[in-house]
Amino acid sequence: MLARVRSAAVLGVDAYPVDVEVDLSNGLPSLATVGLPQSAVKEGRERVHAAILNAGFQFPLKRITVNLAPADRPKAGSGFDLAIALGILVASGQVPRDRLADSLVLAEIGLEGDLRPVRGALAVALCARNAGIRRLLLPSANAPEAALVEGLDVHGAGSLAEVCGFLSGRNELLLAHPNGGAAPEDRPEGAPDFSEVRSQAAAKRALEIAAAGGHNVLMIGPPGAGKTMLARRLPGILPDMSLEEALEATRIHSVAGTLSSGQALIGARPFRAPHHSVSDAGMIGGGGWPRPGEVSLSHAGVLFLDEVPEFRRNVLESLRQPLEDGVVTLSRAAMTLSFPARFMLVGAMNPCPCGHFGDPVRPCRCEPGLVDRYRARISGPLLDRIDIHLTVPAVPVGDLSGNGAVAEGSAAIKARVGAARKIQEERFRGQPGVYGNAHMLPRDVRRHCQLAQSAELLLRQAIAKLGLSARAYTRVLKLARTIADLACESEIAPAHVSEAIQYRVLDRLRLPAPVG
Ligand SMILES: Nc1ncnc2c1ncn2[C@@H]1O[C@H](COP(=O)(O)OP(=O)(O)OP(=O)(O)O)[C@@H](O)[C@H]1O
Ligand SMILES: [Mg+2]
C-alpha cells in the first residue's frame, strides 16, 4: 500500500529531486502531508481530492500519509499536486506503477483534473536528466521549454485522466519538441527599429557605442525628447544571443513564471522597464521563497530605469553589487542563493524637476538649488558605474513631421556593433567575467588603453579645463577604446578621446552648458 513518485522542487534557478511517498493504512480517513510542505503544497490535498473524483476514480477511504523526501528541506509551490494524486492512485491499485518508475512528474491540478502550468520546468528538466531519469510528464503549456533539454523524453498532458491513461497503456502522450519559441537568431516581428527615430544622430551614435562596448548609459533630456523611444531600440542593436545565453535567460524567466505559455526559448534579448515605485526585493530579487528580481529578468538584455531620480535610494544602491559582479546573492536564514544578473543599465532623467533646465525656448521654473538636489539623488558610486552620460535635446517639431530621408535601420547599426564585439572577444579570450570594454579591470585598462602622447595630452587638458573629476579618467579611457574598436583601429587616437570626453557630462564640476 505504498507508492513512490518522483518529482522535483525549484530553488533559485535550479531544481532538486523530491520523492513523493504515499502510504495508505487502515484508520480514520484522512490525508496528511509531511516533509516541510509550505501552504501551497498543503492546500494541494483539497485539489487532489476533487481532481481524483472528477477524473472518474475512487478516493480511498483510508488514512493517507504523504511524505516529501528529503524531509528536511522546505517545499513550496503547487507542482507536487500531480505526484500526490498519482501516488494515491498507484497505492490504491487504480493505476499501474511500471511506467512511473522511470518518470518524473510535475504539475498543478485543477479541481476538474486539468493540469496547470508550473514555474521552473526548464530547471526541473535539467535536474531530471542529471538524475538519470528517462521521462518527464508535465502540463502541455510547459512541455516546449522542458523539451530544450536533450536526452530526456518530455510528454505534455492536458489532464490527470490523460496521464493515468498513459500509465495504464490506454493512450499515448505526444512527445514534445522545443519548437514553440523563436531560435536565438530570429528577430521578433514588429520589434522597434532605429529607423523610426528622426534626427537624434548624436544619441544614436552614443547608443551604438554603448552597445558595442557593453557600457551603461544615462540619458538626460526634457520630456518628450524621445529618451524612452531610444532606450526601447537598444536590444535590437545588441549582438544575437548565444544559445548558452538564451538557455540561461529562459531558466530565469521559467522560475519567475514570466515565460509566455508554450514558449520554449527566449529568442530576443530581454528589455525590462520596472516602474520607479519598485521595491528592492522586486529589483534584485527576494521574498521568503526567493524569486529573481528585475536585474535577473533583464539578464543578457537591457534594464531600463525611466525617471531614475524617482526611484527609492536603497533600490538604486542595491544595483551596485550586481552591476559589479554580474550576479546577485541573496542570503536567507535557511539558504543562500545566487541569480545571474548581467545586464546593460540604461537610465533616463529630466535635467531638472520641471524638465526644462537649459531649454532655449521654455524657461526652467525650478527654484535655485533644487536642480542640484534633484541630480544628487543619483549617488556618486552608482554614477561611477555608468560610462556614458548623454544629453538628449528635444527634436524640433518640424523635423518630426517632415518627409526627410529615412534614417539608418537597426540592422546596419547592429552589424557594426557585431564587428566591434568580435575584436573584444579576441582581446578578452580566456578572461572570465570580461565580456566587453566596459568590464575591464584597472590592469586591463592599463594594458589595452595605452594612449599616444598627443591623445594623453588632450585628455589631461580636458580634465583640467572642464573640471572633470578623477573618476572620469578611466571611464574616458574605456569609452575611447570602444570608439576605436568601432572604427576598427588598434590605436586610440585623439579624436576617439575627444568624443569619449563628451559623454562625461555629469562629472563636470560645473553644470553642463545649456542644451540646444
Ligand atoms: N526623434 C524622434 N523621432 C520620432 N518621434 C519622436 C522623436 N522624439 C520623440 N518622438 C515622439 O515623441 C513621443 C515621446 O517620446 P518619449 O516618450 O520617448 O519621450 P521621453 O524623452 O521619454 O519623455 P519623458 O521625459 O516625458 O519620459 C514618442 O512616442 C514619439 O512618438
Ligand atoms: Mg520617457
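How far does helix α16 (residues 410-427) reach from its first C-alpha to its last? Helix α16 has 18 residues and spans 26 Å, close to the 26 Å expected at 1.5 Å a residue, the expected span being 1.5 Å times one less than the number of residues. This is a predicted model, in which local features need pLDDT of at least 70, side-chain atom pairs count only at pLDDT 80 or more, and totals for chains, interfaces and linings use all residues. Residues are numbered from 1 along each chain as its sequence is written, chains are lettered from A and ligands numbered from 1 in the order in which they are written, and side-chain values use heavy atoms, without hydrogens and water.

**Ligand 1**

- The shell of ligand 1 holds 16 residues (each with a heavy atom within 4 Å); the closest are Arg 198, Gly 224, Lys 227, Thr 228 and Met 229.
- By class, the shell divides into 7 nonpolar, 5 polar and 4 charged residues.
- Helix α7 (residues 227-232) supplies the largest share of the shell, 3 residues.
- An oxygen atom of ligand 1 lies 2.6 Å from a side-chain N or O atom of Thr 228.
- Taken alone, ligand 1 exposes 640 Å², of which the protein buries 68% (Shrake-Rupley method, 1.4 Å probe).

- Buried residues (under 20% relative accessible area) in α16 are Ser 410, Ile 413, Lys 414, Val 417, Ala 420, Arg 421, Gln 424 and Arg 427.
- These residues lie on the same side of α16 because they cover an arc of only 130° around the axis, taken from the directions from the helix axis to the C-beta atoms.
- Ala 411, Ala 415, Lys 422 and Glu 426, on the other side of α16, are exposed (over 50%).

Conventions:
A polar contact is a pair of N or O atoms within 3.5 Å; within protein, one must be able to donate a hydrogen and the other to accept it, and residues adjacent in sequence count only if both atoms are side-chain atoms. Helices (H or I, at least four residues) and strands (E, at least two) are DSSP runs, numbered from the N terminus. Ala, Val, Leu, Ile, Met, Phe, Trp, Tyr, Cys and Pro count as nonpolar, Asp, Glu, Lys and Arg as charged, and the others, Gly among them, as polar. Buried means under 20% relative accessible area, exposed over 50%, partly exposed in between (1.4 Å probe, protein chains only).
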